[in-house]
Amino acid sequence: MSTLFDLSFFVTVPFWALMIFAPTWRWTRTIISSPWIVLVPLVVWAIVAVPVLGAMWSLVTSPSLDAITEATADPAVLTALWAQIIAWDLFLGRWVYLDSRERNIHPLLMGPLLVGTILLSPIAFPIYLLVREVARRGSSPVPQASPVSA
């Protein structure tokens, strides 16, 4: 189970590496534009989740802190949850990368934000939204005064 736990992250590393270290390479945009990249960690999720689907189903239909705490003692359930988190982070990172490229936000600013998305997406994502807003305001055309008729 430990191998699958590790694999769920390592299968995403090439995608993160492209977004962080080769953000302007045309193949990066082509590869990252596909939403199918998220399926890679979800394959790991499926491998570990299918055998424990019953336990996981009861967690999502009747969630409680005690039940989740107890269930995560099972390495298969914990590995499935981890793979799901990794897939979500990649999905979110993919959106951030594509959005930042469309807005021409400099890759040197985006690199650390994407690393932050890998590590702590609940912190990095709101920071990106602030950066996005600042970039939007900075690129808005300044309204010009209309000529006054005499």
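Q: In what order do the elements of the chain run from the N terminus on?
A: In this predicted model, the elements run α-α-α-α-α-α-α-α, and the secondary structure comes to eight helices and zero strands, where helices (H or I, at least four residues) and strands (E, at least two) are DSSP runs numbered from the N terminus.

Q: Before I go on, what conventions apply to the numbering and the pLDDT?
A: Residues are numbered from 1 along each chain as its sequence is written, and side-chain values use heavy atoms, with hydrogens and water left out. Local features need pLDDT of at least 70, side-chain atom pairs count only at pLDDT 80 or more, and totals for chains, interfaces and linings use all residues.

Q: What does helix 8 span between its end C-alpha atoms?
A: Helix 8 (residues 107-139) spans only 17 Å, whereas a straight helix of 33 residues would span 48 Å at 1.5 Å a residue, the expected span being 1.5 Å times one less than the number of residues.

Q: And where is the kink in helix 8?
A: The kink, of about 145°, lies at L120, shortly before the proline P122; the bend at a residue is the angle between axes fitted to the seven residues ending there and the seven starting there.

Q: Which residues of helix 8 are buried?
A: Among them are M110, G111, L113, L114, Y128 and V131, with buried meaning under 20% relative accessible area (1.4 Å probe, protein chains only).

Q: What do those buried residues pack against?
A: The buried residues of helix 8 pack against helix 1 (2-10), helix 2 (13-21) and helix 7 (75-102), on a contact criterion of heavy atoms within 4.5 Å.

Methods. Buried means under 20% relative accessible area, exposed over 50%, partly exposed in between (1.4 Å probe, protein chains only).
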